[in-house]
Amino acid sequence: MTAPIELWYWPTPNGWKISIALEEMGLPYELKPVNIGRGEQFTPEFQAINPNGRMPAIVDPEGPDGKPLSIFESGAILQYLGNKSGRFYPADIRVRADVDQWLFWQVGGLGPMAGQTHHFRQYAPALIKDQRQIAYGVRRYTDETNRLYGVMDRRLADREFLAGDYSIADMAAWPWILPELQGQSLSDFPNLNAWVQRVGARPAVQKGRAAGGDLRSNLAASGKAAEEARKLLFGQRAQKS
C-alpha cells in the first residue's frame, strides 16, 4: 500500500489542477485544507513546505529516494506527479517539450491574467468605493483573458488536446476557464468550448474538481468574515524574518 501524498489545498483553480491530476493518475492522496481566507497559508507549518505562502503544495512521504519530499508551485507539482506515475507526461523529449510549453503558458499567462480578471471583476468592487478607479483594471485583464481564450481556440482547431494526447497541460489549463467570472462567452470560442466539455466529461476531472467543495466560501460577499478574508489575501507585504 503506497502512503498517500499530502495535498495542501484549497478549492481554487490552482488547487484543482493538483486534485484533478492525482485523480487522473490514480495516486492516493490526503487533503490537507489550507484556509486562505483565515491566513493559514502564512503559518510556520505551511511555510516550512512552501516559503512563498501560497497553496497548493504536496508532501510525498515516499519520494524518489524513499524519503519525504515536499514541492510547491503547481507546474512543478504536475511535472513531479507525471514522472512519479508515468502518466500524462510523455517520455519522448519532443512531445514532452510541447507539453511543457503549454504547461508554462498556463502557469505564466492564463493563470495570472485570469486571476487578475477575477480580482478586478469580483473582489476590487468590495474594496474600492469609487468604481472608476478599477475600470481600467477590469478592461485590461478582461481583454487579456479574451486574448488568451483566443490562443487556445486557435490551438484546438485541429486537435483534441493542447499538446497531442491528454496531458498535465490540459489539467493545468482547464480549471482556469471560468467564462462567467471572467466576462467571456464560450460561444465566441467554439474549439475551446468543445475542449472544455471534453475534458470536463472525464470522471477523474469531475472528482478532482469537486474535492473539498464544502470548504469554499464567497470572498466577494458582504459581511465581516469576507471583509477580513479579503484583507488577508490582498493586503500582504514582505514579511521580515
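Trainee: In what order do the four strands stand in the open sheet?

Mentor: This is a predicted model, where local features need pLDDT of at least 70, side-chain atom pairs count only at pLDDT 80 or more, and totals for chains, interfaces and linings use all residues. Residues are numbered from 1 along each chain as its sequence is written, and side-chain values use heavy atoms, with hydrogens and water left out. Strands are DSSP runs of E with at least two residues, helices runs of H or I with at least four, numbered from the N terminus, and two strands pair if DSSP finds at least two bridges between them. The pairing is mixed, and the order is β2-β1-β3-β4.

Trainee: Which strands stand at the edges?

Mentor: Each edge strand has a single partner, so one side of it is left without a neighbour in the sheet. The strands concerned are β2 (29–33) and β4.

Trainee: Which residue in β2 stands opposite Tyr9?

Mentor: β1 and β2 pair in the parallel sense, over five bridges. Opposite Tyr9 stands Pro33.

Trainee: How far does helix α3 reach from its first C-alpha to its last?

Mentor: Helix α3 covers residues 74–85, twelve in number. The expected span is 1.5 Å times one less than the number of residues. That gives an expected 16 Å, and the helix comes close to it, reaching 16 Å.

Trainee: Which residue follows α3?

Mentor: Its phi is positive, near 75°. The residue is Gly86.
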